[in-house]
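Biologist: I am new to reading models like this one. Can you take me through it, feature by feature?

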Protein chains: 2
Amino acid sequence: MGSAGPLIDVALIHYPVVNRTGEIIGSAITNLDLHDIARAGCTYGVDTYWVVTPDAQQRELAGQIVGHWTQGYGGGVNPDRKQALSRIRICATLDEVLQGVGDKWQQKATVFATCARPASNTVGYADVQSRLRGGEPMLLLFGTAWGLAPEVMAAVDGTLPPIRGCGEFNHLSVRSAVSIILDRLLGDR
Amino acid sequence: MGSAGPLIDVALIHYPVVNRTGEIIGSAITNLDLHDIARAGCTYGVDTYWVVTPDAQQRELAGQIVGHWTQGYGGGVNPDRKQALSRIRICATLDEVLQGVGDKWQQKATVFATCARPASNTVGYADVQSRLRGGEPMLLLFGTAWGLAPEVMAAVDGTLPPIRGCGEFNHLSVRSAVSIILDRLLGDR
């Protein structure tokens with residue numbers, strides 16, 4: 001890892017994702033996805049936490065929540081939360097995220113999807129960790145609802161393995177999945 | 001690990017915990033602590049997820065939420081959530097948890113606290129993982145608010161190390177902390 005730390009961003013996608021029957025839907029932004037993932041991102045050195053929804057009212061709502069903690073009353077009483085939520089950027093599309101990441105780092109980031117189901121383009125955690133430590137810029141995509149739409153999965157550079165504990169149950173919350181994956185890639189054990 | 005899997009329980013403590021200034025308080029139960037930690041517990045083979053509060057109205061509320069998913073409408077539309085929340089037991093005190101764990105496994109479980117700050121009785125993740133695999137029954141305690149009260153920390157058999165990413169920020173949500181610790185101890189990497 002370079003002296004400046006890893007180059008890693010996280011994006012939480014609210015559209016296009018799938019519902020339980022596999023239909024393409026847009027999901028609603030939730031307050032705790034903003035907080036928990038920002039706090040995990042801040043712990044593990046994520047540079048920007050992108051929150052993606054094409055719904056303008058949802059973006060406005062998310063902006064008000066984030067503003068309460070970064071510029072409003074919340075940040076005064078809880079500076080740790082201000083520090084965490086300051087890394088959130090709200091945007092409309094994944095294309096905007098890719099553009100923003102490229103502009104920021106002046107190079108294309110490798111884009112990894114995450115999925116609770118096995119994918120054909122899986123890249124292991126040790127491999128991704130090693131590449132991160134070598135300075136490769138990365139963007140991790142997380143889907144809300146029942147996960148990223150097939151069109152997103154098909155366009156990425158690779159997919160991280162599903163998180164398995166013991167047994168067949170793999171219905172973690174996206175908040176848990178982000179936390180575990182950041183710890184696997186960036187944790188100081 | 002025995003053929004029956006690890007013997008591990010998790011308890012989420014709402015009293016006694018501390019607030020930001022170190023005073024002993026009781027915190028409120030939150031819906032998403034029930035869901036996220038139950039889902040992570042189910043993923044990693046946690047046997048019982050104990051939710052502890054001395055407030056009878058809070059226990060009643062938590063019971064109604066859990067009942068919606070285990071016996072009510074929610075479990076019908078989302079059987080995975082029913083499976084996860086079925087491992088929740090709500091009780092009033094940590095003593096009740098210790099009694100329940102002892103009765104269930106017919107032996108005393110080793111009790112580990114978790115804390116965002118270093119403790120004098122720290123036991124490393126690799127050591128705890130090895131003991132779990134050897135069949136030692138364990139109970140992990142997690143504090144809400146700003147963490148477990150000193151009287152709880154003083155009474156446990158050991159404390160797991162704080163979760164560190166990079167840098168000094170260590171303000172993970174309890175939902176993230178549980179998920180990461182279960183993955184460190186029980187994840188199939």
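Predicted model: local features only at pLDDT ≥ 70, side-chain atom pairs only at ≥ 80, totals over all residues.

Modeller: Start with how copies are compared.

Biologist: Through which surface do the copies meet?

Modeller: Of the interface residues of chain A, 100% are also interface residues in chain B, so the copies meet through the same surface.

Biologist: Now one chain. How many helices and strands are in chain A?

Modeller: Chain A has eight helices and eight strands.

Biologist: What does the radius of gyration of chain A agree with?

Modeller: Compare it with a compact globule. For 189 residues, that globule would have a radius near 16 Å; chain A has 16 Å, so the two agree. Along the principal axes, the C-alpha atoms of chain A fill a box of roughly 45 × 45 × 35 Å.

Biologist: What percentage of chain A is buried?

Modeller: Buried means under 20% relative accessible area. In chain A, 55% of the 189 residues are buried. The chain exposes about 8000 Å², and carbon and sulfur atoms supply 50% of that.

Biologist: How many side chains of chain A are positive, and how many negative?

Modeller: Chain A has 16 positive and 18 negative ones. The centres of the two sets lie 5 Å apart.

Methods. Residues numbered from 1 in each chain as written. Chains lettered and ligands numbered in written order. Heavy atoms only, no water. Helix = DSSP H or I, 4+ residues; strand = E, 2+ residues; numbered from the N terminus. Rg over C-alpha atoms; globule rule 2.2 N^0.38 Å. Buried < 20%, exposed > 50% of the residue type's maximum accessible area, 1.4 Å probe, protein only. Areas by Shrake-Rupley, 256 points an atom, 1.4 Å probe, with all protein chains shown as cover. Lys, Arg positive; Asp, Glu negative; His and termini not counted. Charge placed at Lys NZ, Arg CZ, Asp CG, Glu CD. Contact = heavy atoms within 4.5 Å.
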